[in-house]
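Here's a quick briefing on the model below. Have a look at the sequence and the fold, then read on for the helices, a couple of residues inside them, and a surface patch.

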Amino acid sequence: MTETGFLSLFIIALGLSADCFAVAVGGSVSMPAISLLQVLRVSLAFGLFQAVMPALGWAVGRTVVDLIAAYGHWVAFAFLSLVGGRMIWESFHPDDDHGRRDVDFTKGLLLLTLSIATSIDSLGVGLSFAFMNTNIAAASATIGTVAFIITAVGLALGRKVGEVVGRRAEAIGGIILIGIGLRIVLSHIL
């Protein structure tokens with residue numbers, strides 16, 4: 001890790017994991033229960049994408065990253081807003097399950113979408129690692145591990161928040177996801 005020491009990598013990993021944490025809290029708030037398998041699945045998916053994206057950014061080079069960087073924040077915003085908007089809409093249009101719908105973001109296309117949306121920033125970080133002479137294997141492993149842990153903590157906290165908030169937890173989760181999307185866009189525009 002020539003120019004990028006472990007402490008710097010750890011701080012970068014914490015910053016990149018903030019979106020994973022917020023999505024985990026927002027998603028688990030809306031679920032009536034979350035199993036260990038679901039926690040592992042989401043944590044592994046977020047951690048894996050957070051680990052692979054810097055390596056991909058590092059390997060692919062400037063041209064592809066420039067193409068993605070030009071609109072990647074809008075893609076993340078669109079994904080998060082669609083998922084968040086759906087969660088908000090569903091919270092005000094309950095099924096016949098006494099006002100609670102289960103939005104299982106821990107599998108399938110929704111998990112894939114959220115994994116991509118939360119890891120797009122890591123792609124650009126990976127490009128910068130190529131210019132800083134960083135050991136990409138150590139960097140990716142650190143980022144992926146931190147994202148895994150932070151996601152698991154977010155899922156646990158989200159369940160506690162969901163128990164307190166109750167029926168409108170799904171709307172709060174949706175608002176959080178849209179807020180993350182807005183933060184991503186604003187951080188690239190401003």
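Helices here are DSSP runs of H or I with at least four residues (strands are runs of E with at least two), numbered from the N terminus. Ser 43 sits in helix 2. Keep in mind that this is a predicted model, where local features need pLDDT of at least 70, side-chain atom pairs count only at pLDDT 80 or more, and totals for chains, interfaces and linings use all residues. Residues are numbered from 1 along each chain as its sequence is written, and side-chain values use heavy atoms, with hydrogens and water left out.

- Helix 1 covers residues 6–29, and its 24 residues reach 33 Å from first C-alpha to last, close to the expected 34 Å (the expected span is 1.5 Å times one less than the number of residues).
- Helix 1 has a kink of about 35° centred on Ser 17; the bend at a residue is the angle between axes fitted to the seven residues ending there and the seven starting there.
- For helix 2, the end C-alpha atoms are 35 Å apart, which agrees with the 36 Å that its 25 residues should span.

**Inside helix 2**

- Buried means under 20% relative accessible area, exposed over 50%, and partly exposed in between (1.4 Å probe, protein chains only).
- The buried residues of helix 2 include Val 39, Phe 46, Gly 47, Met 53 and Gly 57.
- Ser 43 counts as buried because its relative accessibility is 1%.
- Beyond its neighbours within four places in sequence, Ser 43 is in contact (heavy atoms within 4.5 Å) with Phe 148, Thr 151, Ala 152 and Leu 155.
- Pro 54 also belongs to helix 2, which runs over residues 36–60, and Pro 54 is buried because its relative accessible area is 0%.
- Not counting residues up to four places away in sequence, Pro 54 touches Phe 49, Ser 122, Gly 126, Phe 129, Ile 136, Ser 140 and Ile 143.
- Pro 54 and Ser 128 are 74 residues apart in sequence, yet their C-alpha atoms are 9.0 Å apart in space.

**The nonpolar surface patch**

- Tyr 71, Trp 74, Leu 182, Leu 186, Ile 189 and Leu 190 make up a nonpolar surface patch with about 670 Å² of accessible area together.
- Helix 3 (62–92) and helix 6 (169–189) each supply at least two of the patch residues, and the largest share, 3 residues, comes from helix 6.
- Leu 190 lies in the segment after helix 6 and is exposed, because its relative accessible area is 80%.

Conventions:
Patches are made of residues with over 30% relative accessible area and no salt bridge: like charges are joined within 9 Å, nonpolar side chains (Val, Leu, Ile, Met, Phe, Trp, Tyr) within 5 Å. Accessible areas come from the Shrake-Rupley method with a 1.4 Å probe; for residues, only the protein chains shown count as cover. A salt bridge is a side-chain nitrogen of Lys or Arg within 4 Å of a carboxyl oxygen of Asp or Glu.
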